[in-house]
Amino acid sequence: MNVTQAQLEELIEECRPYTVLGQVASYIPELAKVDPTQLGIAVCNADGTFVSAGDADTMFTLQSVSKIITLAFVLETFGEDYVFSKVGMEPTGDAFNSIAKLEETIPTKPLNPMINAGALAVTSMLPGTDAADKLLQLRQFIAKLLDIEVEMVKYDADVAESEFETTDLNRALLYFMRYHGVIEGNVEEIIDVYTKQCAILTNCKGLAMMGKILSTSGKTPSGRQVISRRNARIIRAIMTTCGMYDASGEFSVQVGLPGKSGVSGAVVACGRSDFDMADLGIGVFGPSLDAKGNSIAGTKMLELLVQRHP
């Protein structure tokens with residue numbers, strides 16, 4: 001069943017009041033400037049058509065949504081055996097930037113690719129000769145996914161710089177992992193790539209396209225196989241168990257779709273056939289966040305959308 005624009009407009013009107021209940025990600029100075037009342041949604045339907053409502057055309061940074069893209073890239077490049085020798089697959093109830101499990105786990109490696117330690121380990125695996133080449137190859141991969149020119153895949157330099165200057169905890173995670181042999185390479189170079197990957201710009205339609213690709217086993221709406229079926233399944237599984245920070249379990253119960261959020265207010269979700277939402281991709285933007293770092297109004301929209309397509 002296709003979702004209609006009228007249904008999305010109704011969700012926007014119903015859920016926009018929730019934006020006053022959260023806060024923007026003030027720990028990143030540039031994100032602290034964002035209007036918290038913004039709210040947008042786009043859906044790529046099973047037939048490949050797009051519908052959207054609200055602030056769906058507003059550009060925002062991927063932030064942690066970029067973690068599913070870098071994971072897809074390294075899985076496609078190096079294979080799952082290598083990737084999961086460096087990072088685990090298990091959920092954690094800790095905050096996304098916690099170092100606790102790294103200290104407690106033997107052998108030391110991040111529990112999953114969606115927490116910061118795991119995402120940093122994945123970024124350290126990106127192919128390329130230096131930071132600029134790694135970022136270029138990542139942008140080329142995103143361009144292939146979205147079927148656009150690489151020049152259209154840009155990052156917000158101000159946000160990237162803001163994150164680079166305030167990311168000492170991520171540096172600590174990298175130094176800890178390098179000491180234990182989880183990662184190799186220059187920490188500042190990895191941070192440079194990581195902050196720029198998080199600052200890559202998209203809109204709700206771009207997120208919906210990503211969700212669509214994952215929900216259709218790695219195929220674009222035009223039928224191009226851009227991610228292997230196996231890797232698309234792996235990513236959906238990890239999104240389900242780990243994609244919404246330490247609220248992943250609650251999201252799985254209340255919404256029930258594989259999802260990944262970012263502190264910009266971005267959420268990407270994949271449809272499921274048992275919800276009469278087979279082969280859908282959904283992109284949401286709402287920068288007002290709950291205590292766990294997820295879009296408070298965006299999550300509510302996804303919950304209501306699923307309830308109305310049982």
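Residues are numbered from 1 along each chain as its sequence is written, and side-chain values use heavy atoms, with hydrogens and water left out. Because the model is predicted, local features need pLDDT of at least 70 and side-chain atom pairs count only at pLDDT 80 or more, whereas totals for chains, interfaces and linings use all residues.

Two strands are taken as paired if DSSP finds at least two bridges between them. On this basis, five strands form an open, antiparallel sheet in the order β2-β1-β7-β6-β5. Its edges are β2 (50-54) and β5 (259-261), each of which pairs on one side only. Neighbouring strands are turned by 10° against each other on average, direction ignored; the axes are lines fitted to C-alpha atoms, and angles run from 0 to 180 degrees between N-to-C directions.

Within the sheet, β1 and β2 pair in the antiparallel sense over five bridges, and C44 stands opposite F50 in β2. The hairpin of these two strands has five residues between them, and G48 there takes a positive phi near 90°. Strands β6 (residues 266-270) and β7 (residues 281-285) are likewise antiparallel and are joined by five bridges, with A266 opposite F285 in β7. The loop between β6 and β7 contains D276. Burial was classed by relative accessible area: buried under 20%, exposed over 50% and partly exposed in between, with a 1.4 Å probe and protein chains only. By this criterion D276 is partly exposed, at 31%. The C-alpha atoms of D276 and H309 are separated by 6.0 Å, although the two residues are 33 apart along the chain.

Helix α13 comprises twelve residues (296-307) and reaches 17 Å from its first C-alpha to its last, close to the expected 16 Å; the expected span is 1.5 Å times one less than the number of residues. Ten of the twelve residues are buried, so α13 is largely enclosed by the rest of the structure. The buried set consists of I296, A297, G298, T299, M301, L302, E303, L304, L305 and V306. These residues pack against α1 (5-15), β1 (40-44), α12 (248-254), β6 and β7, where contact means heavy atoms within 4.5 Å. The N-terminal end of α13 is capped by S295, a side-chain oxygen of which lies 3.0 Å from the backbone nitrogen of G298. Helix α5 (residues 116-125) is also mostly covered, with ten of its ten residues buried; among them are N116, L120 and M125.

An unreviewed UniProt entry lists S64, N116, E163, N170, Y194, Y245 and V263 under "binding site"; such positions are given in the numbering used here, feature names are shortened, and annotations may be inferred rather than shown by experiment. In the model, N116 is one of the buried residues of α5. E163 lies in helix α7 (residues 157-165) and is buried, with a relative accessible area of 9%. Leaving aside neighbours within four places in sequence, E163 is in contact with I28, Q63, T195 and C198. Y245 is placed in the loop between α11 (229-242) and α12 and is buried as well, with a relative accessible area of 7%.

Note on methods. Helix = DSSP H or I, 4+ residues; strand = E, 2+ residues; numbered from the N terminus. Polar contact = N/O pair within 3.5 Å; in protein donor to acceptor, adjacent residues only side chain to side chain.
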